[in-house]
Amino acid sequence: MRDLIAGRSSLYSVDYRLKTAGGGWIWFHDRGEKAISDDGRHVLRGFVIDITENKLAELRKFELALEKERLSLLRDFIEKASHEFRTPLSIINTHAFIMSQLDDPTRRRSKADTIQKQVMHIAKLLDMLLLMTKLNSGIEMALSPVDLREICKAVCQAMIAHYGNQPGLTFKAELNLPLLPGDSDYLESAVEQILDNAFRFTPKDGVIEVSLGAKPGFIWLAVRDSGPGIPEAEMQHIFETFWRRDQVHTTPGFGLGLPIAQAVVRMHSGRIEVENNDGGGATFRLLFPVTMS
C-alpha cells in the first residue's frame with residue numbers, strides 16, 4: 001500500500017491472516033488501487049475477500065504431497081537397507097547349512113567364525129541405521145562445551161586398536177583450541193565415520209594424517225589420506241545415503257558413514273569440504289563455527 005501511495009506501483013495485492021477471538025485464524029485476500037472520488041479526493045479503492053477455504057485446501061494439498069514424498073523416501077530407504085541385509089543373511093544361511101553337514105571340528109569352527117563375522121556386520125549396520133534415523137528425525141541436541149581435541153584423540157586410539165598400524169595414523173592439534181558448543185556423542189560419531197572411511201580406502205603402506213586447528217570464527221578438523229582419491233564425477237554423490245561406487249556393492253562399507261558425518265556436522269551449523277590431494281588421496285575438512293576467546 002505504501003508503494004501504491006508513493007506511486008511505485010499501480011496495484012496492491014496481499015494475503016494475510018487475522019486471529020479470531022476463539023483463537024483460530026481467518027485468511028483474507030486484499031487488493032486495491034488508487035482512485036479519485038466524486039468530490040476529487042485521492043482514495044484507495046479495492047476489496048477484501050475471505051480465502052480461508054482456499055488456504056486450507058492449499059495446505060491439505062501441500063500436506064498430501066509432503067506425505068507422498070515422505071513415503072517415497074521411506075520406501076527407497078527400506079529397499080536399499082534390505083539389500084544391505086540380504087548379502088550377510090545369505091552368507092549366514094549358507095554357512096549354517098554347510099556347518100550342519102560337517103563333522104570336522106576345524107572346518108565347523110571356520111564356518112562359525114564366518115557366521116559370527118556376518119552377525120557383527122549386521123549389528124553394525126543396524127547401529128548405523130538407527131543413528132541415521134535419529135539424525136534425520138530432527139532431534140534436539142543437548143549442547144555443552146566440547147573439547148574436540150580429546151574426542152579426536154580417543155577416536156584415533158580406537159581406530160588404531162581396530163585397524164592396527166597399517167596404514168599409519170598421525171594426529172596433531174594446535175594448542176589452546178576453543179571449546180566447541182555441541183553434543184560429544186554425535187561429534188565422536190562424525191569423526192569416527194570420517195576416519196573409518198579413510199582407513200577403508202587407504203592402502204596398508206599408506207598414511208592418514210589427522211590435524212586440528214582454529215581460525216577466526218571456526219575450529220577445523222582435517223583428515224588427509226593417501227588412498228586413490230575421489231573421481232570428480234563421484235564427488236556429488238559421496239554424501240548420498242547408501243551410495244557406493246559400484247552397483248553390486250563390493251566397495252567396502254555401507255554407504256552410511258559420510259551421510260552420518262555430514263548430518264552431525266550440519267546439526268552443529270558446520271560444513272564439510274572435500275578435495276583431492278595433488279599427490280594422491282583425499283582430504284576431508286570439517287569446519288565448526290565457534291566464538292573465539
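Modeller: In helix 4, the buried residues are L148, I151, C152, V155, C156 and M159. This is a predicted model, where local features need pLDDT of at least 70, side-chain atom pairs count only at pLDDT 80 or more, and totals for chains, interfaces and linings use all residues. Residues are numbered from 1 along each chain as its sequence is written, and side-chain values use heavy atoms, leaving out hydrogens and water.

Biologist: Why is Q193 called buried?

Modeller: Buried means under 20% relative accessible area, exposed over 50%, and partly exposed in between (1.4 Å probe, protein chains only). Q193 has 9%, so Q193 is buried.

Biologist: How do you know that the length of helix 4 agrees with its residue count?

Modeller: The expected span is 1.5 Å times one less than the number of residues. For the 16 residues of helix 4 (residues 148–163) that gives 22 Å, and the end C-alpha atoms are 22 Å apart, so the two agree. Helices here are DSSP runs of H or I with at least four residues, strands are E runs of at least two, and both are numbered from the N terminus.

Biologist: What makes strand 1 and strand 2 a pair?

Modeller: Two strands pair if DSSP finds at least two bridges between them. Eight bridges join strand 1 to strand 2 (residues 25–36), and the two run antiparallel.
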